[in-house]
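Student: I'm new to this one, so please pick a single spot and take a close look at it with me. After that, show me what surrounds it in the rest of the chain.

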Amino acid sequence: MGIGGSGGVAGALLAPRITARIGIGPTIIVGFAVSPLAQVPLLCAGPGLRWQIVLTAALAVQLFWAAASGTSQRSLRQAVCDPVFQGRMQSASTTLTDGARPLAAATADGLVLLLGVRATLAIGALLQVVPVVVLLASPIRALRTIPARTAVPHPREGASS
């Protein structure tokens, strides 16, 4: 886990360089695309040191791209969101992602009981392809730089009393 976590630290630190090289949209998409691919070794793994090394490397790569993608996503959201709504935007994002985790865990538990561990892991990996398809069909795929925010006056600003 520590070695895998170091991949996340590296991804966060290198995110600006990656986005400068391939663009912010592709960075976000690659981050999402690596996740289901990183599940393949987990589906094939067996006992032994060799598989531990493979799984460690897969986790490091997955966390590298998750951090690079996550850093890029937050930077993009902050750039396009009015400063007045920054807290709400982050709270909504956190609530949606963290709030879904208990439901996902309970669903996975039920699937393990019905289908077994490997089948449940395979379903999870396949479901991780959905956001990739959505992102590839969206304008984000062509986004290379963070767009400059246009000033939108706050509804309370400039109101005559």
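Tutor: Let's start at S138, which is found in the segment after α7 (129–136). Before going further, a word on the source: this is a predicted model, where local features need pLDDT of at least 70 and side-chain atom pairs count only at pLDDT 80 or more, while totals for chains, interfaces and linings use all residues. Residues are numbered from 1 along each chain as its sequence is written, and side-chain values use heavy atoms, with hydrogens and water left out.

Back to S138: its relative accessible area is 18%, so S138 is buried. Here buried means under 20% relative accessible area, exposed means over 50%, and partly exposed is what lies in between, using a 1.4 Å probe and protein chains only.

At 0% relative accessibility, G25 counts as buried. Leaving aside residues up to four places away in sequence, G25 touches I140 and L143, where contact means heavy atoms within 4.5 Å. The C-alpha atoms of G25 and I146 are separated by 8.9 Å, although the two residues are 121 apart along the chain.

A119 gives another view, this time from helix α6 (residues 117–127). With 31% relative accessibility, A119 counts as partly exposed. Between its C-alpha atom and that of L136, 17 residues apart along the chain, the separation is 26 Å.

Now zoom out. The protein chain has 7 helices and 0 strands; these are DSSP runs, numbered from the N terminus, with helices (H or I) of at least four residues and strands (E) of at least two. The radius of gyration of the protein chain is 19 Å, well over the 15 Å that the globule rule gives for 161 residues, so the chain is more spread out than a compact globule. That radius is taken over C-alpha atoms, and the rule is 2.2 Å times the number of residues to the power 0.38. Along the principal axes, the C-alpha trace spans about 70 × 35 × 30 Å. Buried residues make up 29% of the 161 residues. Take the contacts between residues at least 6 apart in sequence: 80% of them join residues at least 24 apart.

Finally, a word on charge. Side chains of opposite charge can pair when their charged atoms come close. In this chain the count comes to 1 salt bridge, meaning a side-chain nitrogen of Lys or Arg within 4 Å of a carboxyl oxygen of Asp or Glu. The partners are D98 and R101, at 3.0 Å from N to O. Both lie in helix α5 (residues 86–115), 3 residues apart, about one turn of the helix. D98 counts as partly exposed at 37% relative accessibility, and R101 counts as exposed at 56%.
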